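Welcome! Here is a short tour for anyone meeting this structure for the first time. Have a look around, then read on.

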Amino acid sequence: MSDTLNGNRGRRVRFARKLAILGVIAILSFALAPSPIAQNQPYDLVLRNGRVVDGTGSSWYRGDVAVRGDTIARIAPSITDSAARVIDLAGQVIAPGFIDIHTHARRGIFEVPTADNYVRQGVTTLMEGPDGSSPVPLKPFLARLEALPKSVNIGSFIGQGSVRSAVIGEVNRRPTAEEFDKMRVLVEQGMKDGAFGLSSGLFYVPGTFTPTEEVIELARVAGRFGGIYISHMRDEASGVIESVKETIAIGEQGGLPTQVTHHKIIGQGNWGKSVDTLRLIDEARARGVDATIDQYPYTASSTSIQAALLPAWAQEGGRAETLKRLKDPSTRARIKAESIKIIRNERGGGDPKNVVIARCEWNPSLAGKTLADVTRLRGMEPTVENAAEAALWIVENGGCGGIFHSINEADLERILKHPATMIGSDGEIPVFGKDHPHPRSYGTFARVLAVYVRERKTITLEEAVRKMSSFPAARLGLLDRGLLRPGMKADIAVFDPAYVRDAATFEQPHQYAEGFSLVIVNGQVVFERDKMTAARPGRVLYKRK
Ligand SMILES: [Zn+2]
């Protein structure tokens with residue numbers, strides 16, 4: 001089983017005793033009465049008159065859904081048995097709660113444990129630790145989450161970059177045999193602590209310093225424990241095809257399922273390459289490699305200005321080393337020359353106005369401004385060359401988060417249509433109104449349903465829901481979630497398919513999605529009539545082999 005409530009040993013023993021007593025009563029009752037007792041018990045909740053989109057991808061059907069405790073007890077055309085509460089859905093869609101396989105939820109979960117931005121778009125489970133970045137070790141982090149009353153379920157990957165950083169630092173060299181063993185042990189420990197697999201961020205420092213064979217070795221450890229490999233690839237721009245090949249090779253040689261996370265094609269000169277990347281995935285799958293994809297539905301990405309606009313070698317060794325390099329005039333000139341290329345051809349989107357500052361701790365007033373604005377504020381014309389200078393100035397002053405408009409709609413839709421693509425936000429839990437985050441945190445799931453199902457008809461409603469529920473559940477081995485079926489955990493999202501929409505924009509990101517009327521986590525209502533409730537039924541989820 002994938003999901004266990006830790007730290008409740010005493011309660012579990014008591015529960016087991018109760019179960020035993022109930023069992024005796026049940027047997028006695030069965031002997032006396034002709035019908036099994038379970039059918040006569042009232043339900044805690046019956047949701048009537050729904051359009052059931054069950055998560056499999058099958059066409060919707062009309063039905064009622066009954067919940068008892070934290071579990072879906074029954075689904076039928078009409079359920080008239082008594083229930084503590086009955087809600088008429090009036091023909092709205094009832095779907096499994098959405099599972100977001102790529103989030104940075106540790107940015108915010110402890111400040112906003114209700115995760116309103118996610119719940120209000122039907123998300124009931126968040127996966128942390130993507131992009132090679134997770135707490136190491138995982139256990140204290142998961143224990144903190146256990147102790148936190150929260151609205152949503154949460155699980156984590158173990159991050160390859162964080163493991164490497166813990167053992168040898170942010171340097172560009174191979175590990176010694178002893179260091180390699182330490183990394184293996186840390187990955188193994190992460191898996192034993194309940195991680196769902198190994199994530200990597202080979203684009204970032206220190207992931208970028210990791211040779212493929214080293215990743216394969218660590219992936220093999222995660223695979224032994226039933227985990228998957230999920231990767232923010234080495235290069236999503238000019239090297240994207242090589243990077244997809246590498247991601248497939250790591251799964252194939254590491255002997256575990258592999259996933260290209262937030263698949264996108266960055267930089268105008270590379271647009272259209274999704275034809276080839278998807279063909280590589282198809283070919284891999286045809287020869288038996290379990291390779292899949294996730295994606296968010298926006299044509300802009302988000303990461304730090306430093307990671308996006310500086311070459312990796314300039315960031316080796318951490319911030320102090322970066323600053324030292326920027327102080328040396330000839331090294332600074334080399335860094336600037338590469339930044340110019342990156343702004344022109346890659347994440348910069350060819351024009352400094354395509355880069356937007358998302359958050360900036362040392363100067364919050366920069367949030368929302370473009371790199372062209374910042375260049376002008378520095379007294380320069382916003383040419384690509386001057387924008388690179390402004391980017392170096394930002395890095396020298398402490399760095400900022402950025403949003404990068406450099407993705408093509410045609411690639412986005414092609415990737416979305418692919419049957420091996422699921423939805424993941426790559427978002428975080430913002431404090432409402434604070435900073436200028438990427439709208440994906442507020443809008444990903446609603447946007448797929450509004451723009452790509454209703455408006456553009458890129459995919460069907462049922463296919464979209466599958467990509468948000470049963471598909472990620474199967475990927476993670478969450479066998480008791482992701483479908484509307486009796487016996488499954490009652491994680492449920494109800495929405496109006498004619499009205500659902502993402503309201504968050506790049507200009508005004510702090511806007512909740514609309515059109516969801518009811519969200520249930522482990523059988524308890526966490527969101528209803530436009531309000532979060534007081535319930536905190538979220539659980540920490542653990543991968544169990
Ligand atoms: Zn990423």
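Helix α6 runs over residues 212-224, and at 1.5 Å a residue its 13 residues should span 18 Å; the end C-alpha atoms are 18 Å apart, which agrees. The expected span is 1.5 Å times one less than the number of residues. Helices (H or I, at least four residues) and strands (E, at least two) are DSSP runs, numbered from the N terminus. Keep in mind that this is a predicted model, where local features need pLDDT of at least 70 and side-chain atom pairs count only at pLDDT 80 or more, while totals for chains, interfaces and linings use all residues. Residues are numbered from 1 along each chain as its sequence is written, and side-chain values use heavy atoms, with hydrogens and water left out.

Which residues of α6 are buried? They are E214, V215, I216, L218, A219, V221 and A222. Here, buried means under 20% relative accessible area, exposed means over 50%, and partly exposed lies in between (1.4 Å probe, protein chains only). The cover over these buried residues includes α4 (160-168), α5 (177-192), β10 (197-201), β11 and α7 (240-254). After α6 comes G226, with a positive phi near 85°.

## Salt bridges

How many salt bridges does a search of the whole structure find? The number is 43. A salt bridge is a side-chain nitrogen of Lys or Arg within 4 Å of a carboxyl oxygen of Asp or Glu. One of them joins the side chains of E214 and R164, at 2.8 Å from N to O. This pair links distant parts of the chain, with E214 in helix α6 and R164 in helix α4, 50 residues apart. E214 counts as buried because its relative accessibility is 3%, and R164 counts as buried at 0%.

R279 and E283 also meet through their side chains in a salt bridge, at 3.5 Å from N to O. They are four residues apart in helix α8, so about one helical turn separates them. R279 is partly exposed, with a relative accessible area of 43%, and E283 is partly exposed too, at 40%. Another bridge connects R359 and E428, whose closest N and O atoms are 3.9 Å apart. R359 lies in strand β15 (residues 355-359) and E428 in the loop between β17 (421-423) and α15, so the pair ties together parts that are 69 residues apart in sequence.

## The zinc site

The zinc ion has the protein donors D131 (OD), D131 (OD), H232 (ND1) and H262 (NE2), which lie 2.1 to 2.5 Å from it. Donors are N, O and S atoms within 2.8 Å of the metal (3.2 Å for Na, K and Ca); water is not among the atoms, so sites may look incomplete. Why is the arrangement irregular? The four donor atoms subtend angles of 54 to 142° around the zinc ion, which makes it so.

Along the chain, the donors follow the spacing D-x100-H-x29-H. H232 sits in strand β11 (residues 228-232) and H262 in the loop between β12 (258-260) and α8 (274-286), so to speak two distant parts of the chain, 30 residues apart. Both histidines, H232 and H262, are buried. H262 also has a positive phi, near 30°, in a residue other than glycine.

## Nonpolar cores

The largest nonpolar core has 69 residues, of which F98, L126, V187, L449, F495 and F516 touch the most other members. Such a core is a set of buried Ala, Val, Leu, Ile, Met, Phe, Trp, Tyr and Cys residues joined through side-chain atoms within 4.5 Å. Helix α15 (residues 440-455) gives the most to this core, with eight residues. Apart from it lies another core, of 21 residues, among them C360, L371, A388 and I394.

## Loops with details to look for

The bond from V136 to P137 is cis, with omega near 0°, and P137 is in the loop between β7 (123-128) and α3 (139-147). The bond from V205 to P206 is cis as well, with omega near 5°, and P206 is in the loop between β10 and α6.

Definitions and conventions
Four donors count as tetrahedral if all angles lie between 85 and 135 degrees; four count as square planar and six as octahedral if opposite donors are over 155 degrees apart and all others between 65 and 115; anything else is irregular. Contact means heavy atoms within 4.5 Å.
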